[in-house]
Amino acid sequence: MVIAVLEGILWLIRFLLGACIFSFLNVVVYRLPRGESIVKGRSRCPGCGRTLTPAELIPFVSYLVQGRKCRGCGMRIRGRYFGVEALGGGLFVLCGIFYGCGEWGILSLKGIWVFAYLGLLTVVALIDRDTRTIYDRFHIIILLLGAGGIWLWPEHGIPDRLVGAVVVALPMLILAILIEGAFGGGDIKLMAASGFFLGWRAIVCAMFLGLAAGGIYCVWMLLGRKIGRKDQLAFGPFLAFGLAVSVFAGDRLAGWYISLL
């Protein structure tokens, strides 16, 4: 019984650690498009500019304890901040379940690697949704993660990763050239870098999931008359969704599909 309680406390600590990391990513999403430093300057309310206290920086506290409002100006705190923190905690726990925990009881090196990638996808999705821009620095970091992944996942060799970098990105590039507005350059580079990180099976699965998620969302928005037929939506969030799922299940889903053929 005692061991079970201690284990539960350890998983709670992991969840809170992931939430804290993604709380910082909220800052990145807010500041980076505005050209502000993500490492200098205290966090502040975007409404009144009041510097937040240490207690207000604890994940979930500002949203729940303060009634979802700033204590200074009463500005409503966006539910997205709470959601991103909860997502971070959940993903940290999921990485621990899938890839195990290291000597310190937190995450194995594989788990850390995948969690870092998922954090990048979250930032990419939110910034793209807000600004329709995906910064090249994120593609470079994903490529670096892919380079490190060669040693962590030797079953995905360099040929597999090189094919993954082009098998989806190249058709996207061709469509973008032939059809104006088909895909943005950031989307293409995201899939190329992620293909090198995941390998060709998982990246094909990610593209399928992204297209399916984007299609379902667009149909739902059209039926609700929230967008028109000529409106364009950022595709990055849907690609990020497909990529995140494929990190954990892409190879399995691709293998299952191939076995049916």
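Where is the place of F24? F24 sits in helix α1, which covers residues 2-31. Helices here are DSSP runs of H or I with at least four residues, strands are runs of E with at least two, and both are numbered from the N terminus. The model is a predicted one, in which local features need pLDDT of at least 70 and side-chain atom pairs count only at pLDDT 80 or more, while totals for chains, interfaces and linings use all residues. Residues are numbered from 1 along each chain as its sequence is written, and side-chain values use heavy atoms, with hydrogens and water left out.

F24 is partly exposed, with a relative accessible area of 39%. In this scheme buried means under 20% relative accessible area, exposed means over 50%, and partly exposed lies in between (1.4 Å probe, protein chains only). The C-alpha atoms of F24 and V84 are 10.0 Å apart in space, although the two residues are 60 residues apart in sequence.

Helix α1 also holds G18. Is G18 buried or exposed? G18 is buried, at a relative accessible area of 0%. Leaving out residues up to four places away in sequence, G18 touches G88, G89, F92 and F115; contact means heavy atoms within 4.5 Å. From G18 to A86 the separation is 68 residues in sequence and 8.3 Å in space, C-alpha to C-alpha.

Next come the charged pairs. Side chains of opposite charge can pair when their charged atoms come close. A salt bridge is counted when a side-chain nitrogen of Lys or Arg is within 4 Å of a carboxyl oxygen of Asp or Glu. By this rule the model has 2 salt bridges.

One of them joins R80 to D130, with 2.9 Å between the closest N and O atoms. R80 belongs to helix α3 (residues 79-99) and D130 to helix α4 (residues 109-131), so the pair ties together parts that are 50 residues apart in sequence. R80 is buried, with a relative accessible area of 19%, whereas D130 is partly exposed at 38%.

In the salt bridge between D136 and K189, the N to O distance is 2.7 Å. This pair links distant parts of the chain, with D136 in helix α5 (residues 136-152) and K189 in helix α8 (residues 185-198), 53 residues apart. Both partners are partly exposed: D136 has a relative accessibility of 41%, and K189 has 37%.

The helices α5 and α8 also pack against each other. Two packed helices are described by the angle between their axes and the distance between the axes. The axes are lines fitted to C-alpha atoms, for helices over the stretch in contact, and the angles run from 0 to 180 degrees between N-to-C directions. For α5 and α8 the angle is about 10° and the axes are 7 Å apart. That makes α5 roughly parallel to α8; the classes are roughly parallel under 35 degrees, roughly antiparallel over 145, roughly perpendicular from 65 to 115, and oblique for the rest. On the α5 side the contact includes D136, H139 and I142, and on the α8 side it includes K189, L190 and F197. The residues of this contact divide into 9 nonpolar, 4 polar and 2 charged. Here Ala, Val, Leu, Ile, Met, Phe, Trp, Tyr, Cys and Pro count as nonpolar, Asp, Glu, Lys and Arg as charged, and the others, Gly among them, as polar.

Helix α8 has a contact with α4 as well. What is the angle at which α4 and α8 pack? The angle is about 170°, with the axes 13 Å apart. The two helices are therefore roughly antiparallel to each other. The contact is made by W113, Y117, L121, V124 and D128 of α4 together with D187, L190, S194, F197 and L198 of α8. Its residues divide into 7 nonpolar, 1 polar and 2 charged.

The loop between α5 and α6 (158-167) contains H156. H156 is buried, at 11% relative accessibility. A polar contact of 2.6 Å joins the side chains of H156 and D160. Such a contact is a pair of N or O atoms within 3.5 Å; within protein, one must be able to donate a hydrogen and the other to accept it, and residues adjacent in sequence count only if both atoms are side-chain atoms. Not counting residues up to four places away in sequence, H156 touches R161, L198, G199 and D251.
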